[in-house]
Amino acid sequence: MREEGYISPRQASVLLWFAILPTAILFLPALLTLRARQDSWLAVILATLAAGIPALVIYLLALRFPHYTLFQYCELILGHLAGKIVAMVFVLAFFLLNAVVIREFSEFLTTAVMPETPFLFFACSIVAVAVYAARNGLEVIARCTDFIMPLLVAFFVVILLFATPEMSLRNILPFLENGIRPVLGGSLITWPFMGQVIILATYGAFVNPPRSLGWSLITGLLGIAFFLGLVTMGVILVFGACEATSLTFAGYNLARVVSLGQFLERIEVLFLAIWVAGVFIKIALNLYVVALGLATVTGLKEYRPLVAPLGALNVALAAYMYRNISEIRQDLLTVEPGWTLTWQFILPLLLLLVAWVRGQRRTGA
Amino acid sequence: MIWYRRVLAVLLLVLGLPALSGCWSRHEIEELAIIMAVALDSAPGGQVRLTTFIVIPRAVGGGPSMGGGGGGEPKKAGEVVSAVGSDFAQATRRLEGQVPRRLFWAQNRVIIIGEDLARRGLNYLDLFLRDRQMRLTTPILITRGEARKVLDLPPGIELNPGTILTGILRNRTTFKVELKDLLAMWEAPGDNPALPEVVMTPTPEQESQETGGEGRDAKGGGNERGGKGKTQPEAVVIKGAGAFRYDRLAGWLDEKEANGLMWLRGEVKEGVVTVPLPGTTGTGQGQGMAGGLSPTPGEGGSPGQGQKPGAEKGGSRDLPRAQTALSAPAQASVVFHRVSAKTRARVQGQQVTFMVEIRGQGDLIEVTGNFNPDNLEQLLALQEAVNKAIEERALLALRKAQQELQADIFGFGEILHRSNPRYWHQVQDYWNEEFPRARVQVQVELQLRRTGMTSRTPGRVGAVGGKVSTQGTAR
């Protein structure tokens, strides 16, 4: 399944930011402080280091099979039948992931902004836009990020800078109060977000030149760790570990406490605007990847006809996946770490091992 | 191919039309009842009373023209509406049954808790943390008696009690607790909440008496109304504090103790210390010390001023030089800034010691006795007296918290937690019981740097009695 057009390594790394950050900054800090308390920032760093392993695996696989997507080299490595099954597992996993993102997005908007608006309205509207973007191909999504990324960065800077008067540095002490175990538990919760780095194995095939994928991975991961670490740190510094655990959307609350000289207040609307744009990229990218993967597995020539139906199915799945917000939190805290470790960590590692043992590579092509 | 895509596109557009008629969650501003202040009280039968101050838009809109005309009594800018319920959600619902518009909370300026409700616990605040319209940056205050009475505050410079109270808080005469701070103090195991107290001063006469003829009433917001010559039934002062043990109100701190609390928590950023001018009389360190310190110049009805001997009040204050001879101590006021308080915890065996170091700089702003800046010893003695006065305050607050309240309202437990987590884990579950045993050392090092635009106290040197004047003339 060939996609016309290429993206630059820089765009690939920025896409990676968007694949992870939008939902992570909103949902992660509160869950993370639940486990790792004031050492949450350390958990983010540890999770980033852990995500370096699948990133390395992706890079090595990309060197063996340049210009092949994850779904394609599954088949090349494992053979026809097993390859198709494993590729299908990846497709379903991305599909499931996208449903979670759509649900998180709508759940947040209904809770925090417009409680009377039905959940489906948010889900349908963002997916409709995402379908449109995904049908236009990867290059279009990548160019969207060129526009949104400066906004996102400016937004991080504004919120964190203006929240500094509310911060008190002593909130991060004591360091490692209960030893390293809670921190490890925290990085396990961070993992489902960080592990999405695996998405670069799919659209990474369209990065030109392929060797620069390593650069994309490193800058992508560092950027994510930087921003996610800063937001987590900001939440801890402003609210303290005790209070942060009780705030469902700690990142959003960070934007709400900003108050500069009586006039620059209530900037959370800015947060919302940019955050919605970020989630749009994330959903569009996931949708694109799912459609591309499904087209590859089923041997279709075009992925485009699949995008809209997959989007509709995604909304339906998002609606039926959880009954309430407690189930979402429960899922993020207990189920997701294990599930994502399986398909984002172990599966790619197995692929690389098999490819290495069987000595397969497609560099000549 | 092309035509059917066009048809599809048009169809989609038509399908989108219903969305244009408006959106969910839409509320025009004309439909909103904007709440500016909230008072929470307990009601009989385990119920709670929610009282809100709702803006009357017409009154607010008419404000500027009224001012221009210089017309009579400012109209009330809002309406105070009250409802009772078993919790605040229910009370809110009942309130909606009385108000012709939809309640809008996001502009709420202040939350005031009544004494009885505070004794029942802070759990009732949940609605104000959970609801999406509420903001964690809302200041929260406590009051003796019923909180809803505060909302009856008459309009003055500001039109509604919410703005009046936040305006006073912004003057930093006392500490300010926002909902998020309260939540942090409440949830941290080594801390207990303390909230600034709103005091309703019953009559302006009483207030003006308290202030005396010292000519400082021009500065305070509350006093300015009195200055206009209007007879307002009630005015408001924010001073003192309500101290909590865990989530229940445990007791009250008076103005001095609240001030000491601010020093120990490191909340003091600016303010004024007034002390008897050392060296003028032998009794300088004695009786005059009791109320030497008031947080700011504008603090109107500070009861601390009552310490002045009655004889002084009777005498004409226009001629201070004649009066300050030996009977009344001359005073000096120091304005300070860039204050920082650092607290360290030390554990020796089972004994916890907290060492509080308060540092800062001060400038002399008022002296009512003879003062000579060239006399270094006098300056240092004054500096010493200022430091003593602050230390006194801090120790007062400490004594109250340790002996009476048995609650660590200073957050010392969290300091211990941060510096010595291992010991903290042994005591964290019963820290409030452990806290009275803790030793606290307060060290104040406020440095007097500048003496303002004049050096010597004006007046005929020598006419002022006391030792200092002789020292001054000797140079």
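How many salt bridges does the rule find across the interface of chain B and chain A? The rule finds 3, where a salt bridge is a side-chain nitrogen of Lys or Arg within 4 Å of a carboxyl oxygen of Asp or Glu. In one of them, Glu166(A) pairs with Lys180(B), with the closest N and O atoms 2.7 Å apart. On the side of chain B that touches chain A, the elements giving two or more residues are α8 (179-187), α15 (412-419) and α16 (421-427), helices here being DSSP runs of H or I with at least four residues. The largest share of that side, 4 residues, comes from α8(B).

A word of care: this is a predicted model, in which local features need pLDDT of at least 70 and side-chain atom pairs count only at pLDDT 80 or more, while totals for chains, interfaces and linings use all residues. Residues are numbered from 1 along each chain as written, chains are lettered from A in the order written, and side-chain values use heavy atoms, without hydrogens and water.

The contact, meaning heavy atoms within 4.5 Å, takes 27 residues from chain B and 28 residues from chain A. Between them the two chains bury about 2400 Å², 48% of it on carbon and sulfur atoms; this is the accessible area (1.4 Å probe) lost on putting the two parts together, summed over both.
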